[in-house]
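Turn the model slowly as you read, and stop whenever a residue is named.

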Amino acid sequence: QKASNSSTVSGYTCGGFVPPSNFSNIIDKFPFTNDANATDVGDLSEAGQGSAGQSSGTHGYVSGGNITSPTIVVSRIQKFPFSTDTNATLVSQLNIEKDNAAGTNSNTHGYTSGGRDGSGGYLTTINKFPFSSNAAAREVGDLTQARTSIVGQSSTANGYGSGGFFTPP
């Protein structure tokens, strides 16, 4: 599961696939200050996998992903606070259903890039949503090529997507 978010003292991993055929809704938290196991601190609003993760200074976000079996790709954005151990709430939507996208963030916005749509097509879209409100995401650009299963990284100035599968030219 790529829905990993971080604050300054803890890391979070959300959802995922539990064999043989179940999706997880668990929000796990693990400390950065020492080596220790994760603990279950809350639940996503629904079980799923293939979500992208973003983090503001105060909240973790889980965007897109897929639910149920057979797979239904979703556009949901969920949010949970770092200050208390509690469940996530559904706060907004991406402008397109997507899973296996890269999650990145700036200080003010979350980004969900690339991924796969509900029909299995690979995407180029870069979606952006604000941390300051629960406004819907909007498309702000495209990747250089359609890719899915991307890993996202963030610097203070840019978002990066690494690896993944791409549609050949």
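Strands, the elements we will meet again and again below, are DSSP runs of E with at least two residues, numbered from the N terminus. Keep in mind that what you see is a predicted model. With that word in hand, we can count: the protein has 17 strands and zero helices.

Now step back and take in the whole outline. Along the principal axes, the C-alpha atoms fill a box of roughly 45 × 40 × 30 Å. A compact globule of 169 residues would have a radius of gyration near 15 Å, and the protein has 15 Å, so the two agree. Of these 169 residues, 42% count as buried.

Next, the gaps. Rolling a probe the size of a water molecule over the atoms shows where empty space is left. Start with the largest pocket, which has a volume of about 210 Å³. Which residues lie nearest its centre? Look for Thr 104, Tyr 111, Asn 158, Gly 159 and Tyr 160, which belong to a lining of 17 residues. Four strands each supply at least two residues of this lining: β11 (102-105), β12 (109-113), β14 (138-148) and β16 (159-162). Sorted by class, the lining of the largest pocket has nine polar, seven nonpolar and one charged residues.

From the pocket we move to the cavities, where a probe fits but cannot get out. The structure holds two of them with 30 Å³ or more. The largest cavity has a volume of about 80 Å³. Its lining is made of 14 residues, with Gly 48, Ser 51, Gly 64, Ile 67 and Gln 78 nearest the centre. Two strands, β7 (66-67) and β9 (76-81), are the elements that give two or more residues to this lining. Here the classes divide into seven polar, five nonpolar and two charged residues.

The second largest cavity contains about 30 Å³ of space. Among the residues lining the second largest cavity are Tyr 61, Ile 77, Val 91, Phe 129 and Pro 130. The strands β10 (89-93) and β13 (123-130) each supply at least two residues of that lining. Which classes do its residues fall into? Six are nonpolar, three are polar and none is charged.

In the loop between β2 (10-18) and β3 (22-31) you will find Pro 20. A cis peptide bond joins Pro 19 and Pro 20, with omega about 10°. Move on to the loop between β10 and β11, the place of Asn 100. Asn 100 has a positive phi of about 55°, although it is not a glycine. Is Asn 100 buried or exposed? Its relative accessibility is 18%, and buried means under 20%, so Asn 100 counts as buried. The last stop is Ser 149, in the loop between β14 and β15 (151-154). Ser 149, also a residue other than glycine, has a positive phi near 60°. With a relative accessible area of 29%, Ser 149 is partly exposed.

Technical notes:
Residues numbered from 1 in each chain as written. Predicted model: local features only at pLDDT ≥ 70, side-chain atom pairs only at ≥ 80, totals over all residues. Heavy atoms only, no water. 1 Å grid on protein atoms, 1.4 Å probe; cavity = no way out; pocket = protein on both sides within 12 Å on 5 of 7 lines; lining within 4 Å. Points joined across faces, edges and corners; volume = space filled by probe spheres on them. Nonpolar A, V, L, I, M, F, W, Y, C, P; charged D, E, K, R; others polar. Rg over C-alpha atoms; globule rule 2.2 N^0.38 Å. Buried < 20%, exposed > 50% of the residue type's maximum accessible area, 1.4 Å probe, protein only.
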